[in-house]
Amino acid sequence: MQRIKIITPDPIVETLLTLLTERLPEPEESAVLLDAAWLRRIVDFSGGKVIVFTASADPAYLTAAQEAGADGFWYLQPSGDGLAEMIAGAKTFPEKAPSIQLGKA
């Protein structure tokens with residue numbers, strides 16, 4: 001039984017996260033990957049680890065996740081870098097939003 005629940009309104013993101021988390025070892029405690037767009041639902045998941053994620057580089061999501069009491073914050077990336085460590089127990093919040101280059105800008 002997978003103890004990682006994925007909460008996102010985006011079916012493509014859900015599929016990506018399902019594929020990424022299927023390869024991870026079973027976590028010791030339940031974990032919820034909560035899309036930052038649904039951050040207000042964080043109160044629905046007491047008793048387990050809540051990791052908020054987003055594909056947006058807006059730093060307001062990071063601040064909001066910390067203030068809401070999330071256990072970690074992850075900028076969505078197909079490689080899954082850093083996700084396993086957070087699910088395994090590391091309480092991780094990035095120092096800043098990632099830089100994004102658009103075209104040659």
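Modeller: This is a predicted model. The side chain of Thr 8 makes a polar contact with the side chain of Asp 35, at 2.7 Å. The Thr 8 side chain also reaches the backbone nitrogen of Asp 10, at 3.2 Å.

Biologist: Where is Thr 8 placed?

Modeller: Thr 8 sits in the loop between β1 and α1.

Biologist: Does Thr 8 count as buried or exposed, and why?

Modeller: Buried means under 20% relative accessible area. Thr 8 has 10% relative accessibility, so it counts as buried. Leaving out residues up to four places away in sequence, Thr 8 touches Val 13, Glu 14, Asp 35, Trp 38 and Phe 53.

Biologist: What caps the N-terminal end of α1?

Modeller: Asp 10 does, with a side-chain oxygen 2.8 Å from the backbone nitrogen of Ile 12.

Biologist: How is the span of helix α1 checked?

Modeller: At 1.5 Å a residue, the 12 residues of α1 (residues 11-22) should span 16 Å. The end C-alpha atoms are 16 Å apart, which agrees.

Biologist: Which residues of α1 are buried?

Modeller: First the general idea: an α-helix has 3.6 residues a turn, so residues three or four places apart point the same way. In α1, the buried residues are Val 13, Leu 17, Leu 20 and Thr 21. They cover an arc of only 90 degrees around the axis, which puts them on the same side of α1. On the other side, Pro 11, Ile 12 and Glu 22 are exposed.

Biologist: What covers the buried residues of α1?

Modeller: The cover includes the strands β1 (4-7), β2 (31-35), β3 (49-54) and β4 (72-75), along with helix α3 (83-88).

How values were computed: Residues are numbered from 1 along each chain as its sequence is written. This is a predicted model: local features need pLDDT of at least 70, side-chain atom pairs count only at pLDDT 80 or more; totals for chains, interfaces and linings use all residues. Side-chain values use heavy atoms; hydrogens and water are left out. Helices (H or I, at least four residues) and strands (E, at least two) are DSSP runs, numbered from the N terminus. The expected span of a helix is 1.5 Å times one less than its number of residues. Buried means under 20% relative accessible area, exposed over 50%, partly exposed in between (1.4 Å probe, protein chains only). The arc is that of the directions from the helix axis to the C-beta atoms. Contact means heavy atoms within 4.5 Å. A polar contact is a pair of N or O atoms within 3.5 Å; within protein, one must be able to donate a hydrogen and the other to accept it, and residues adjacent in sequence count only if both atoms are side-chain atoms.
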